[in-house]
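Me: I am new to this structure. Please take one part and look at it closely.

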Amino acid sequence: MIHPQIEKLLIVQTKDLALQKVQQEIERIPNDRARIETLIDEEKASIESAKSELNAKEVERNDLDSQIKSKESDIAKFKTQQLEVKKNEEYRALTHQIEQAQSDISQLEEKEIEIMYSIDEAKISFEQAKAEIDQRIAEQTKQLSELEARLKQLKEDVQSAEMEYTNARETVEPSTLETYDRTKSQIKRPPYISAIEVQNCAGCHLRVSNDVLGLAIAGEEIIACDQCARIVYKT
Ligand SMILES: [Zn+2]
């Protein structure tokens, strides 16, 4: 026969576990939030790094451009000098310098064309990557706001769960509640109250002693499993 206090205690346990479930979900939220925020930061960082690669190519291109301009102004300068020199030797030397500068320019221009192609390619792949990343960020941002909505709901739920737990406790005798609270502090994982099935505790699945079984069947006092210390009862 089941002890009348055990029946009430089983309701306390149900309300207790429901409350714990809500509390645990609330406790997990900061971690979940931090995990999503880290993902968003990583996505943003990868956009930045792709952007800086592209910028580096632009810098390289600008550098080539200014090298070409400088060679061009050298050529103009050499040509002006040619108008002023008297000796053929000096004139030829300047012609040689002009030719050298022109050859440098065509090499620089080739490089510039290469880099312009690679900028075009990098821009296309950057835009593609950015579109994908932006989509992921939008999804993650949505998850964050869902999480906040969930937290708001849980904070309401926890209040009613606390109230139900408190109300259930009020129906139980103080000494039985003490036994429940003590058992709870000793047991790592719920349940704190278990049925005895045949002669095995449903909490730890071990066989209880004949004494425990006999007392549980009598149902006159609150009995603990002699293996795991859970409160046990026999229906
Ligand atoms: Zn047990």
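Reply: Here is a close look at the zinc site and the strands around it.

This is a predicted model, where local features need pLDDT of at least 70, side-chain atom pairs count only at pLDDT 80 or more, and totals for chains, interfaces and linings use all residues. Residues are numbered from 1 along each chain as its sequence is written, and side-chain values use heavy atoms, with hydrogens and water left out.

Start with the metal. The zinc ion has the protein donors Cys201 (SG), Cys204 (SG), Cys225 (SG) and Cys228 (SG). They lie 2.2 to 2.4 Å from the ion. (Donors are N, O and S atoms within 2.8 Å of the metal, or 3.2 Å for Na, K and Ca; water is not among the atoms, so sites may look incomplete.) The site is tetrahedral, with angles of 103 to 114° among its 4 donor atoms. (Four donors count as tetrahedral if all angles lie between 85 and 135 degrees.) Ideal angles for four tetrahedral donors are 109.5 degrees.

Now the sequence. The donor residues are spaced C-x2-C-x20-C-x2-C. Cys201 lies in strand 2 (residues 200-201), and Cys225 in the loop between strand 3 (223-224) and strand 4 (231-233), so the pair ties together parts 24 residues apart in sequence. (Strands are DSSP runs of E, at least two residues, numbered from the N terminus.) Cys201 is buried at 1% relative accessibility. Cys225 is buried too, at 4%. (Buried means under 20% relative accessible area, with a 1.4 Å probe and protein chains only.)

Strand 1 (residues 193-197) pairs with strand 4 in the parallel sense over 3 bridges. There, Ala195 stands opposite Tyr233 of strand 4.

Methods
Tetrahedral: all angles 85-135°; square planar, octahedral: opposite > 155°, others 65-115°. Helix = DSSP H or I, 4+ residues; strand = E, 2+ residues; numbered from the N terminus. Buried < 20%, exposed > 50% of the residue type's maximum accessible area, 1.4 Å probe, protein only. Pairing = 2+ DSSP bridges.
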